[in-house]
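Student: I have a protein model open and would like to learn how to read it. Could you walk me through a few features?

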Amino acid sequence: HDRHGRRRGACRPGSLARARSRGAARGAEDHAGERGRLLHARPPRKAALCGQGQEPEEAGRDLRQRPHAARPPATHDRGHGIGRGDHDGGRVEALLLESNMIKRLKPHYNILLRDDKSFPYILLRRGHRWPQISKYRGAKSGQGDYFGPFASAGAVDLTINALQRAFPLRSCSDSVLESRTRPCLQHQIKRCTAPCVGRIGKADYDVLVEEARAFLAGRSRQVQRRLTDRMTAASDALEFETAAAYRDRIKALAHIQMRQGINLPSMGDADVVAIHDEAGQACVQVFFFRSGQNYGNRAFFPRHGADDTPEAILRAFIGQFYSGREAPPLVLVNRSLEEAPLLAEALTLKAGRRVKLHRPLRGAKRKLLEDAERNAREALARRLGESTAQRRLLESLAQRFELEGAPDRVEVYDNSHISGTDAVGSMIVAGPEGYIKSAYRKFTIRSTAACDPATPGDDYAMMREVLTRRFSRLIKEDPGRSGESWPDLVLIDGGAGQLGEARRVFADLGIADLAVAAIAKGPERNAGRERVFLPDRPPVALGARDPLLYFLQRLRDEAHRFAIGTHRAKRAKARVRSALDEIPGVGPRRKKALLHRFGSARGVSQAGLADLETVDGISSAVARAIHDHFRADR
């Protein structure tokens, strides 16, 4: 202990903030390329992550060696605080920086977690007289209580659906709430108390909010006990309708708990992480427990090398998985990690509180790990089976289309429009592992030829524009085809005409060795009688029970689904646009003020200059611009 009575090596007040700021500064310095700053024992030539002549792959190899090569001699004084010495501080910062850089640069020689999705939460929003319950993704910047993460959006929807039966809180937006003049359908089916029209008082609504917050925070037994007591009291008072309402709320809470499966009240906030490897692939299963309640699980399949051990894969997974999200206080793992103290310290530094990595050997937590590992084993077996079937289909496709080998990347193109309006193009990508949704692309049709009123809905011109834009960019970004963005096969949704357009585009761009085909429905657009058009060959009709036909139909239907979804979204967006959106200088606030003053865009268009100038926030110049805009064509 020092002269102030503090234990030496303990984290002093303010040291956490200093450690975090020191880590951020060192990370920025290393990212900028200053030599010898982050790790004292690191060779000078490895100071920059991507120095001159160093590719991302080489940077990845350096990053993998740093925590080992630059480690100072081991000592017996290995505390778990974050205020430990310059050597260990540098190692923690290097570990955080390594995970961030691998995830950003995606080097080929590193274990890589392909995870670009955020997890959904349940948000109980504050800051309003009538708090709202809703599904939420993104940064936790809003005012309110966040419960999660949940493994999927479907799990959140099911939970909110049941919560509204137990705690009938509003789920509508503030604008809808303020504009209601009578209760909506949610009130009719007893999933909202209709605060919009005064069907519930503020005090009673606040009771529902606090009960929902307590239930989501893990105090479900207390909430159920209170509801049971109220139900009994209402029944004793012969208020049977009220008692039945409490009974239905209790049943809804029980339904939520049944869907959550295993619940351990003593668990608190924890993630259960288990890995299983087989046949050169690995699956990591993550279970999310918050306040002792199971919020679901998700399987991940990180990319790794053939020589990587399960322990190395799990260590890299944890570093990258928590690089973009906050770790809970407890992370259970099913493998002994060599650098567990260092990894726990890095997670502690990032979370701003203590995070513990633990491998239980017995008890309920060990059983949870066994369940997670079994899920990982079964998920990997399903993936291996699907991958094998997909590979066989791609090999059959290569044999039937006379390709050089089974394609690793198939790009499928389609268009969607209504008589040339809101025209869009779409591209979906498939490979040996299935659909590669992160590579999907949307194209807004821009050319006037494709949307010419004289020839509305020119599919050939649309396809020509989409392919020209796509492959012109590919030639510019990767002329040597060294990356993974070039397709092995281009599949067009259409017939001989679309195939001819694709071949002309490739000829104009100087692409001579790219396989292309088109798939068209049979007579009367009869699914199951499709024909495949290939260059310089007669159309191929596949058998009605041919597995390759089903495979091509799935590819075509996925491109069709993506194109239609994109078109509908664009059409819906255009439908809600106002004539006021086209006026320069009129933003959302001025638009709202104008609509409140004149009632509609038509009323604004008919208003005189003097009337426009009386609106709050509308200056004389803006009023003149609005007035002239609606009278330009008169």
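Student: Across which strands does helix 4 lie?

Tutor: This is a predicted model, and in it helix 4 (residues 153–166) lies across strand 1 and strand 2. Helix 4 runs at about 180° to strand 2.

Student: How do strands hold on to each other, and in which sense do strand 1 and strand 2 pair?

Tutor: Strands of a sheet pair through backbone hydrogen bonds, either parallel or antiparallel. Here, strand 1 (residues 121–125) pairs with strand 2 in the antiparallel sense, over four bridges. If you look at L124, you will find I133 of strand 2 opposite.

Student: What is the order of the strands in the open sheet?

Tutor: The order is 2-1-3, three strands with antiparallel pairing. Strand 2 (133–136) and strand 3 (144–147) are the edge strands, each pairing on one side only. From one strand to the next, the twist averages 30°.

Student: Now the inside, please. Which residues touch the most other members of the largest nonpolar core?

Tutor: In soluble globular proteins, nonpolar side chains tend to be buried together. In this model, the largest nonpolar core has 55 residues, and I122, F167, L169, V273 and I318 touch the most other members. Helix 7 (residues 202–216) gives the most to this core, with seven residues. Another core, of 26 residues, lies apart from it; A423, W486, V490 and L499 are among them.

Student: What is L169 in contact with, leaving aside its neighbours within four places in sequence?

Tutor: The contacts of L169 include L124, I133, Y205, L208, V209 and A212. Also among them are Q164, R191 and C192.

Note on methods
Residues are numbered from 1 along each chain as its sequence is written. This is a predicted model: local features need pLDDT of at least 70, side-chain atom pairs count only at pLDDT 80 or more; totals for chains, interfaces and linings use all residues. Side-chain values use heavy atoms; hydrogens and water are left out. A nonpolar core is a set of buried Ala, Val, Leu, Ile, Met, Phe, Trp, Tyr and Cys residues joined through side-chain atoms within 4.5 Å. Buried means under 20% relative accessible area, exposed over 50%, partly exposed in between (1.4 Å probe, protein chains only). Helices (H or I, at least four residues) and strands (E, at least two) are DSSP runs, numbered from the N terminus. Contact means heavy atoms within 4.5 Å. Two strands pair if DSSP finds at least two bridges between them. Axes are lines fitted to C-alpha atoms, for helices over the stretch in contact, and angles run from 0 to 180 degrees between N-to-C directions.
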